[in-house]
Amino acid sequence: MITKGKYIFSSVLVTLVILLLISSCSTKKNTWTRRAYHNLTSHYNVYWNGMMSLQEGEKSFKEVFEDDYSKVLPVYNYGTKQQAQRLNPKMDRTIKKASIGIQKHSMYFGGEERVKWIDDSYLMMGKAHFYKHDYISARRIFDYVAKTYQNDPIHYEAYLWLAKTHLQNERFEKAIATINLLQSKMEESDFPFYVEKQIPLVMANFYIEQEKYEDAFPYLERSLELNNKKEITTRVKFILGQLYQREGNFEMATEYFSAVVKKNPDYVMAFEAKLHLAETYASENGDSKGINKILNKMLKEPRNKEFRDQIYYALADVAKKDGNDTLAIRHLRNSVKYSEKNQVQKTKSSLEVADMFFERNDYNYAQAYYDTAVSSLTNDYPNYEEISQKAGVLTELVTQAKTIKIQDSLQYLVSLDTTELYAIIDKKIEDYKLAQEKEEELSEGGTQFVDMNDRGRSNNSLGNGEWYFYNTAAISSGFSEFTRKWGNRKLEDNWRLSNKQLIMQDIDNIVTNDSVSDSTSVATNPIDRSYYLAGLPNTPEKIEASNEQLIEAYNKLGFIYLMKLSDTIKAQETYLEFQKRFPENQYRLESWYGLYKIYNSENNKEETEYYKNLIVGNYPESTYAKVILNPDYFLQLEEEKQKASELYMRTYSAFNSEKYYRVISYANKGIELYPEDTSLRPKFMYLRALSLGKVDTPDTLYASLDSLLVSYPESSVVPRAKALLRKLQLEYGMGVSEEIQKQKEELADGKSKEKSIYSFDANNLHFIMFVVNNENVEVNPLKIRISDFNGKYFSLMRLKVKSLLLNKTQTIITVGNFKNVDEAMNFYNAINNDEYVLSGVKEEDFSVYPISTSNYPLFYRDKNLDAYKKFFEKYYLRN
């Protein structure tokens, strides 16, 4: 590698040699020597300028590329292609300088390059392409240097970079083959040490990229022996800490993370190392006071403000290891509270605290935190389906519990005398006035985060917006602002109504009562008593409607506890309360059976027998009674189902053998014997209809299919039955409407769905096409910004920007030419992510698409942007 010191020393040496030659040569030779000196120094200056750009770019990417500390760090971080785009100007300059030096000064004859630094120029050019993520060009150059300069030590470094290139392309077999080749040359006398010490790093990265972490250990440890550069050793130690942590070897992990902190690395790595120290803390190996002191100190540092979520998460981890679950929950809730930007951490903390609440059977809080987590989860998240399902169950549970609480509160208020009721309402009016003042103060500071730690406390007021729901006119105008500021769920404990104080705390919830929407003359002033009185169930009809809501909620709540959460204690409490309050409800059979199952599981024979007698005595023909009296009832049903299935298979086999009368006989038998089998019965009917169509008239087939559709509209055979009916309608005119007849005539005329006028060829020349509204967009300034973008990031492609009127209101701007789809899509993705080019241009005023040179004239003639958009989405976004 060429450093600035080597460059200066070499320049001075070369200059002295040339001056000596000048002083000792004849005039003719003197002229030749001066030219040689000029060419040599000129090339070296060009090379050095390129090298300086490369080194500046290397320094920049370390600042631009961020590490994802939620995963094991790679040994090398070269960022994404989009991030690397910011380096394009410097890398393009390096490539340009290297190319100039090679073109002007290379003297290759006799099978050997006669000018020094040419090989370095090639290698420099390869690195620039590598940093741009142009791995195809990089691979070709490294391969050329490695094979062309076999007698120069530079070919070892070329092989090293070739291995790195294969790794970046995930061509692991080629990468390991290249590394093995390089290792086989290590005994050669001119093998450079700076290459030798990088081989373990490349090997470690080879295994880390494939998540073969165990194989990476020896190479990481070997790299520490060979390298003494702080930046490298610190990163390697951090990675070793991560790997030992994954293995559960917290002692070694702590040792490496501590070593990282002592190295005084950059702020982010030091911060992460301290968090990992908390994660690797083991209660049996020491006292947590030290690590808690470090973490609490980090909380107080202003520059850690945006990282408080991670610090609280680390504190929670320590608390859990110390067995203090209450403190862990508090820290996790704070982690969620302060997770404003880091959605990954917010999700992680939400799931953990939700699980802890769930284990405590505190379902209200568990639901809220699961809901928070699910809102930001992607479908590929581990256990996504399980988490999503659990969140859904708990949401349903909280909804039913809230309904009971609200209806109880409403009915309690109605039971009060006027003096007591007015006292409650007057208190809420005062609270509302104070809350309005507070809300105005908060609104001055913008949207405020809802502290989930404050949910469930008795500080709710009318100012939280829920009273909007008392006023139907306010729903449309206030709902969006309400949900934006406060969300649409509450977390509240002690949901059962117990005393008047609870009514005072939860009167806000009354406003969600569905009966409110029936009122057509609701007062609109929240400081007027009539505003709160309007929705009370103060008539026999409204009380009955309120009771119906309670009955539905109790039934669903008991089932959720018993069957979806397996919480027999709360299920039992709910069912007993349900039967006590509504003994003649329509769901008493289900409730009795739920209690029967609970007591039977507890081996409580007396209560089990009591509910068995209730069920069998009152509902002897019910499925519940049959199951209680015959434990094999469902097994027998399954046997019946198996017989039905076997009969259907015989029917289907007969149909395939074209034995249609036998099919009709079997199908009639199946329809008669298994009237309750909603899965197989429509299939019997379908095969019977098809067979009737074979042995009878099309009218019989049509009538049979129509009967099937009416009887079983949701069956899996319905689509096929509908298709056959449609065919009968078109061919025989059975039940054909005017619309269907028209479609039939169109088909007869040979009309069909239009095909796209465009064709796709990935290897065709392409433009990038901007279609802009020239009434709202100044075209020339936009063209200038596009040209600036081209010159900055794609200067080597020599792109041209042109414009042409599409119609009176739209102008086409084209950028080209691109060799193929890949080049065009690369530019398309880059410019869509650039904030400068399209700044100030509204989305509705422009469209950007790649378009081939063969499709461009078709588009200009057709002028249908929607049609081309569909073609683009079908072919370009797929590739």
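Predicted model: local features only at pLDDT ≥ 70, side-chain atom pairs only at ≥ 80, totals over all residues.

Me: OK, take F358 and Y363. Why is that pair edge-to-face?
Reply: Look at the angle: the ring planes sit at 65°, and over 60 degrees counts as edge-to-face. The centres of the F358 and Y363 rings are 5.7 Å apart.

Me: And Y363, is that buried or exposed?
Reply: Y363 is buried, with a relative accessible area of 3%.

Me: What about F655 and Y660, how are those rings arranged?
Reply: F655 and Y660 make an edge-to-face pair as well, with 5.8 Å from centre to centre and 70° between the planes. Both residues are buried.

Me: Which residues form an aromatic cluster?
Reply: One cluster is made up of Y758, F760, Y828, Y849, F859, Y868, F871, F872, Y875 and Y876.

Me: Now charges and rings. What lies over the face of W161?
Reply: That's K164, at 4.1 Å from the ring centre. There's also K321, whose charged end sits over the ring of F250, 5.1 Å from the centre of that ring.

Me: Switching to helices. At what angle do α26 and α27 cross?
Reply: Roughly 140°, and their axes come within 10 Å. Helix α26 covers residues 568-581, while α27 covers residues 588-601.

Me: Is that crossing left-handed or right-handed?
Reply: The crossing of α26 and α27 is left-handed.

Me: Which residues meet there?
Reply: From α26 you get T568, A571, Q572, Y575, L576, F578 and Q579. On the α27 side they meet R588, S591, W592, G594, L595, I598 and Y599.

Me: How many of the residues in that contact of α26 with α27 are nonpolar, polar or charged?
Reply: Eight are nonpolar, five are polar and one is charged.

Me: Last topic, Y135. Where is Y135 found?
Reply: Y135 is in helix α6, which runs over residues 135-148.

Me: Why does Y135 count as buried?
Reply: Because its relative accessibility is 8%, and buried means under 20%.

Me: What is Y135 in contact with, leaving aside neighbours within four places in sequence?
Reply: Y135 is in contact with F130, T165, Q168 and N169.

Me: And how far apart are Y135 and T165?
Reply: In sequence, 30 residues; in space, 6.2 Å from C-alpha to C-alpha.

Note on methods:
Residues numbered from 1 in each chain as written. Heavy atoms only, no water. Phe/Tyr/Trp six-rings, centres within 6.5 Å; stacked < 30°, edge-to-face > 60°. Buried < 20%, exposed > 50% of the residue type's maximum accessible area, 1.4 Å probe, protein only. Lys NZ or Arg CZ within 6 Å of the ring centre and 35° of its normal. Axes fitted to C-alpha atoms, helices over the stretch in contact; angles between N-to-C directions. Helix = DSSP H or I, 4+ residues; strand = E, 2+ residues; numbered from the N terminus. Left-handed = near helix turned anticlockwise from the far one by under 90°. Contact = heavy atoms within 4.5 Å. Nonpolar A, V, L, I, M, F, W, Y, C, P; charged D, E, K, R; others polar.
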